[in-house]
Amino acid sequence: MSKIFLAPSLLASDFSRLADQIAQAEEGGADWLHLDVMDGHFVPNISFGPLVVRAARKCTKLPLDTHLMIENPDEYLEAFRDAGSDHIIVHQEACTHLHRTISRIKELGAKAGVAINPATSASTLNDVLPDVDLILIMSVNPGFGGQKFIRGSLKKLREVSSMIKESGKEIFLEVDGGIDPVTAPQVVEAGANVLVAGTAVFSTQGIKQAITKLRQSYKTKQKNL
């Protein structure tokens, strides 16, 4: 899987101009759109729910990569799938019966992803690796945008990248938190092939230019892999 996918995080966008911001991201070459769902319990912040996912779905045909940072995600899988989520990512730390949750996501017709927090060992993914479509490595502690990249995440990315290669499966390796033109080439070198970027894309003077800058930052690194 040589292509690097860029998934701007709508959490950092201007919600008063959501349709326009999505259009600019799409015109700039975004591959996916990432939606961070927070409940104020699993993480110390509240963001949005299925209604915003549904609104985003009306604005674009890009895959919607929905990251559930919530307690009891099983209760909401159908609602987010119905709203238009193409990928549904749950946290290993929030799921008592992770295999069952993954199976349910697939039954609903979405790609199933599992995320782990910075303090969670990569080894916790071993038992579910054969069943997932996507693994998300958090490179900040979830809950807020604009945080500083945790450098220990590079080691974890390398570890999970090796696990995926050994499995022989086509699994997306996604990274979320502190991704910008400085850290993007570092995570690509460590094995990530899906980069979530919020502040670096939307908190700028130009969304399309920001996406181009991000892509240029890792192109040379990608060619040398």
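Q: Which residues do ring pairs link into a cluster?
A: Ring pairs link F5, W32 and F172 into a cluster. Rings of Phe, Tyr and Trp (its six-membered ring) pair if their centres lie within 6.5 Å; planes under 30 degrees apart count as stacked, over 60 as edge-to-face and the rest as tilted. The model is predicted, so local features need pLDDT of at least 70 and side-chain atom pairs pLDDT 80 or more, while totals for chains, interfaces and linings use all residues. Residues are numbered from 1 along each chain as its sequence is written, and side-chain values use heavy atoms, without hydrogens and water.

Q: How many aromatic pairs does the structure hold?
A: The structure holds 4 aromatic pairs. In one of them, the ring centres of F5 and F172 are 5.4 Å apart and the planes stand at 90 degrees, so this pair is edge-to-face. F5 belongs to strand β1 (residues 5-8) and F172 to strand β7 (residues 172-176), 167 residues apart. Helices (H or I, at least four residues) and strands (E, at least two) are DSSP runs, numbered from the N terminus.

Q: Are F5 and F172 buried or exposed?
A: F5 counts as buried at 16% relative accessibility, and F172 counts as buried at 14%. Buried means under 20% relative accessible area, exposed over 50%, and partly exposed in between (1.4 Å probe, protein chains only).

Q: What about F15 and F48: how are their rings arranged?
A: The ring centres of F15 and F48 lie 5.8 Å apart with planes at 45 degrees, so the pair is tilted. F15 is in the loop between β1 and α1 (18-27), and F48 is in the loop between β2 (33-38) and α2 (50-59), so the pair ties together parts 33 residues apart in sequence. F15 is partly exposed, with a relative accessible area of 37%, whereas F48 is buried at 11%.

Q: Turning to β2, how many of its residues are buried?
A: In β2, 6 of the 6 residues are buried, so the strand is largely enclosed by the rest of the structure. L33, L35 and V37 are buried on one side, and H34, D36 and M38 are buried on the other. In a regular strand the side chains alternate between the two faces of the sheet.

Q: And in which sense do β2 and β3 pair?
A: They pair in the parallel sense over 6 bridges; strands pair if DSSP finds at least two bridges between them. M38 stands opposite M69 in β3.

Q: Where is H87, and what does it touch?
A: H87 is found in strand β4 (residues 87-91) and counts as buried at 5% relative accessibility. Leaving out residues up to four places away in sequence, H87 touches W32, P63, L64, D65, T66, K111 and L134; contact means heavy atoms within 4.5 Å.

Q: Which side chain makes a polar contact with that of H87?
A: The side chain of D65 does, at 3.0 Å. A polar contact is a pair of N or O atoms within 3.5 Å; within protein, one must be able to donate a hydrogen and the other to accept it, and residues adjacent in sequence count only if both atoms are side-chain atoms.

Q: Which members of the largest nonpolar core touch the most others?
A: Of its 62 residues, I135, V160, V187 and L195 touch the most other members. Helix α5 (residues 152-167) gives the most to this core, with 5 residues. A nonpolar core is a set of buried Ala, Val, Leu, Ile, Met, Phe, Trp, Tyr and Cys residues joined through side-chain atoms within 4.5 Å.
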